[in-house]
Amino acid sequence: MLGKGGKRKFDEHEDGLEGKIVSPCDGPSKVSYTLQRQTIFNISLMKLYNHRPLTEPSLQKTVLINNMLRRIQEELKQEGSLRPMFTPSSQPTTEPSDSYREGPPAFSHLAPPSSHPCDLGSTTPLEACLTPASLLEDDDDTFCTSQAMQPTAPTKLSPPTLSPEKDSFSSALDEIEELCPTSTSTEAAAAATDSVKGTSSEAGAQKPDGPQESRTDDSKLMDSLPGNFEITTSTGFLTDLTLDDILFADIDTSMYDFDPCTSSSGTASKMAPVSADDLLKTLAPYSSQPVAPSQPFKMDLTELDHIMEASYQLSRAVRN
Amino acid sequence: PCSSRADIISTVEFNHTGELLATGDKGGRVVIFQREQESKNQVHRRGEYNVYSTFQSHEPEFDYLKSLEIEEKINKIRWLPQQNAAYFLLSTNDKTVKLWKVSERDKRPEGYNLKDEEGRLRDPATITTLRVPVLRPMDLMVEATPRRVFANAHTYHINSISVNSDYETYMSADDLRINLWNFEITNQSFNIVDIKPANMEELTEVITAAEFHPHHCNTFVYSSSKGTIRLCDMRASALCDRHTKFFEEPEDPSNRSFFSEIISSISDVKFSHSGRYIMTRDYLTVKVWDLNMENRPIETYQVHDYLRSKLCSLYENDCIFDKFECVWNGSDSVIMTGSYNNFFRMFDRNTKRDVTLEASRENSKPRAILKPRKVCVGGKRRKDEISVDSLDFSKKILHTAWHPSENIIAVAATNNLYIFQDKVN
């Protein structure tokens, strides 16, 4: 559907939207467009930060991926989405003067792919899950359900201003400590706490119920734990990693430092704050149970994998 | 993994007579094949190509400033026209162009006065007569020597080199700049195109390929990652930032997708032998343009349109960034380009017929006739067809070459070189 550039139908229930071009496609196609866009955005980000090659990365590839990101960003802006997507920072190169930097969008000759906003309202999650691209091309039906199930799933890429409230954070932290009681966990937790100090707590619309729900599942979690804390993936491009690697490694707070060598736009939302707080936020509703429609904040294992892998890669990129 | 093998062929090029065929590989090696002289005795051996010379053109280097390796992979080889007994070619990696001289030696001098046959100095006291050294035949030896090294002129990765029709100059193009060189001068070059923006954050387009006009030494074209081609005249100004002609096809709105820009990025541009047309290759098509018409190509050929619905996966696994090349045959009537699964495609511009062939050991024995292949796009798959989902995307044919006058083609399939000829009647 996307390949044909089909027009999207606006949601008639949304206020303030005038009638725009009506698409011949119905609701599910609109939803899958958003999902694919998000997936492509995520894939593009991972491509930029995914690995540090021994040789200089291809400038052409970098430019094309950046253009893709900018286009999506511009489209989202035009749709008036709630959460601004963060602008990806520069690629990790060592030559500041000549390396290609991502900066404030220069959209002078960028025509947005669609001229009619498709405002899904506040219910649109910008993150979605990282769905393997191959799935997107096969079956449109699956996306409708996943989309409907998680209208307000946590944002992976939210700027620091949308960090979770202190109480949900510490409760998630407690839960993690219960699961993995090691000495490093307290250090990591302390560092994480320090790093999110000062950031405003977010309006709790995101997931007020998360921690509570998962507490009831604690016992189940404990049971599934032994030897099973390894997160495996079902997609080709994600690698195995253990929860410990992410949670209890040194928290790198350098991403919060303002790096004058990177983009000049200067906002703190430049870098994705994929620090422990985000990870914990996503882990809070962690459950090995399959996602049920009535519990919009549960995420299944695959989605968690994707998010954690992306966070891991991003934090590696920052360190580099 | 396959991609780390040093013997993966990265460029293929016939020389101007077709007598020699050069290949460059990922390990910086150049292998030159020479066509056998056709002999009346062996009619069936229609001039096969045998290895003529092998040498290491480029070595891996390390950029200490950026802490990055510079690959020794040979990106392009271009032959110079032959002017004496020796052969000359240009080979380039990402940063450095080299001029190599390939010459034969089949005689050696014997009978020196001051040295003996092994080269040791003779005791002058033992020399009582003078003699003139004579040349005696020896086994044929082909030696390659680097005659010029054109270095330190490119900040970005060189993607193209092109010899000018004046045979005195050539150009090298990287992502943002094109430089003009004189063969005799290695310590300076002229910058003739520079598209680097003052603020790198505004960079949205790069140069992907460039070539001189085959007859007009003042004219060249370069293609971009946005699917445009610019033709420049060096007589207009020293810096050819303003093009003389601008070739771009308007986007087809019905085919628009997230990947429209990426698949429009031109991976190769080639002048026809006549100089009247240019051919461009983007991810899904080959296009022929008339130099006199800038607003659209005169011909468009679908290479593997069945991939259009798979673009997201191909983006994910990076295949969408593969740079396929394209070539004309000697009479500009047929064009050829590669695809996946070791398939390559030929399009006859006159009859509008096309064929898909496969370069693989299993399917081709020597002197066997290649069987046309077909990709099944859905629905029932016939017996010999292959479905899109069964295609092997790791087997890609990026580099092909066509003999300048005969129907002999060279096809590089990963680390194997296939040479196909018209069938003998």
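The model described here is a predicted one.

## The two chains

Chain A has eleven helices and two strands, whereas chain B has two helices and 31 strands. Of the 320 residues in chain A, 52% are buried, and of the 425 residues in chain B, 53% are buried. If one takes the contacts in chain A with a separation of 6 or more, residues 24 or more positions apart account for 78% of them; in chain B, the share worked out in this way is 51%.

## The nonpolar cores

Which residues have the most contacts inside the largest nonpolar core? They are B:F259, B:Y283, B:Y315 and B:I320, in a core that has 38 residues. Helix 1 (27–49) and helix 2 (59–79) of chain A, as well as helix 1 (260–264) and helix 2 (311–316) of chain B, each supply at least two residues of this core. The largest share, seven residues, comes from helix 1 of chain A.

Leaving aside neighbours within four places in sequence, B:F259 is in contact with A:Q36, A:I40 and A:M68 of chain A, and with B:L311, B:C312, B:Y315 and B:I320 of chain B. A second, separate core has 15 residues, among them B:V327, B:M336, B:F344 and B:A413.

## Aromatic rings and charges

A pair of aromatic rings is described by two values, the distance of the centres and the angle of the planes.

What does the pair of B:Y52 and B:Y87 tie together? B:Y52 lies in strand 4 (residues 49–56) of chain B and B:Y87 in strand 8 (residues 87–92) of chain B, so the pair ties together parts that are 35 residues apart in sequence. B:Y52 has a relative accessible area of 9% and is therefore buried, and B:Y87, at 8% relative accessibility, also counts as buried.

Elsewhere in chain B, the residues B:F150, B:Y170, B:W181 and B:F183 form one aromatic cluster. Rings can also have a charge over them, as with B:Y315, where the charged end of A:K47 sits over the ring, 5.4 Å from its centre. The charged end of B:K115 sits over the ring of B:Y112, 4.5 Å from its centre.

## A hairpin in chain B

In a regular strand the side chains alternate between the two faces of the sheet. Strand 11 (residues 160–163) of chain B has B:S160 and B:S162 on one side and B:I161 and B:V163 on the other, and as all of these are buried, both faces are covered. Strand 11 of chain B pairs with strand 12 (residues 169–173) of chain B in the antiparallel sense, over four bridges, and B:S160 has B:A173 as its bridge partner in strand 12. The hairpin of these strands has five residues between them, and B:Y167 takes a positive phi near 60° there.

## A buried histidine

Is B:H399 buried or exposed? The relative accessibility of B:H399 is 10%, and because buried means under 20%, this residue counts as buried. B:H399 lies in strand 29 (residues 399–402) of chain B, and the side chain of B:H399 makes a polar contact of 2.9 Å with the side chain of B:E325. A polar atom of the B:H399 side chain also lies 3.1 Å from the backbone oxygen of B:S10. Not counting residues up to four places away in sequence, the residues that B:H399 touches include B:I9, B:T11, B:V12, B:A410, B:V411 and B:A412.

Definitions and conventions. Residues numbered from 1 in each chain as written. Chains lettered and ligands numbered in written order. Predicted model: local features only at pLDDT ≥ 70, side-chain atom pairs only at ≥ 80, totals over all residues. Heavy atoms only, no water. Buried < 20%, exposed > 50% of the residue type's maximum accessible area, 1.4 Å probe, protein only. Polar contact = N/O pair within 3.5 Å; in protein donor to acceptor, adjacent residues only side chain to side chain. Contact = heavy atoms within 4.5 Å. Core = buried A, V, L, I, M, F, W, Y, C linked by side-chain atoms within 4.5 Å. Phe/Tyr/Trp six-rings, centres within 6.5 Å; stacked < 30°, edge-to-face > 60°. Lys NZ or Arg CZ within 6 Å of the ring centre and 35° of its normal. Pairing = 2+ DSSP bridges.
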